[in-house]
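Hi,

Here is the structure I promised to pass on. Have a look at it first, and then read my notes below.

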Amino acid sequence: MEPHETTAPQPGDPRSRGPRPRARWRDGLWLGMALVLAAVTAVQFVRLAWVALTGDLEVGTAGLLLAFLITVAWLMTIFWLVAGAWRRSVWGCPFEHAAGSPDVRRCARHPLV
């Protein structure tokens, strides 16, 4: 469903198809943070799989439950940050970046093109 031209963007709106301003240093910072966290997560999963397969560590039921909860919390946090990196960037912004767009649809975070 296409958003109406005069309504402000709402959560879940698709990104604007209009012109885009150039990415700023903050967009690069978000992207860098998302990539670093994704890399750390990948390394941790490889290490976790290695320990699980080699059996170097004996873990009880309480330890497995705690590890599961920590893993789920970590993955939710990573998803939130990576999705935030996308939504905070120029490329995922649902607002219009053109000067001719209605005021309610203009992006306050990014310069107009």
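**What I found**

Val 40 counts as partly exposed, because its relative accessibility is 37%. Please keep in mind that this is a predicted model.

Val 40 is found in helix 1, and together with Val 36, Phe 45, Leu 48, Trp 74 and Leu 75 it makes a nonpolar surface patch of about 510 Å². Which helices supply the patch? Helix 1 (25–54) and helix 2 (61–88) each give at least two of its residues. The largest share, 4 residues, comes from helix 1.

Helix 1 has a buried set too: Asp 27, Trp 30, Ala 34, Leu 37, Thr 41 and Val 51. Helix 2 is included in what covers these buried residues. As a reminder, an α-helix has 3.6 residues a turn, so residues three or four places apart point the same way.

I also looked at the length of helix 1. At 1.5 Å a residue, its 30 residues should span 44 Å, and the end C-alpha atoms are 43 Å apart, so the two values agree. Just after helix 1, Gly 55 takes a positive phi of about 70 degrees.

Finally, a look at the segment before helix 1, where Ser 16 is found. Is Ser 16 buried or exposed? Ser 16 counts as buried, because its relative accessibility is 3%, and the cut-off for buried is under 20%. Leaving aside residues up to four places away in sequence, Ser 16 touches Cys 93, Pro 94, Phe 95 and Glu 96.

Best wishes

Note on methods:
Residues numbered from 1 in each chain as written. Predicted model: local features only at pLDDT ≥ 70, side-chain atom pairs only at ≥ 80, totals over all residues. Heavy atoms only, no water. Patch = residues over 30% accessible without salt bridge, like charges linked within 9 Å, V, L, I, M, F, W, Y side chains within 5 Å. Areas by Shrake-Rupley, 256 points an atom, 1.4 Å probe, with all protein chains shown as cover. Salt bridge = Lys/Arg side-chain N within 4 Å of Asp/Glu carboxyl O. Buried < 20%, exposed > 50% of the residue type's maximum accessible area, 1.4 Å probe, protein only. Contact = heavy atoms within 4.5 Å. Expected span 1.5 Å × (residues − 1).
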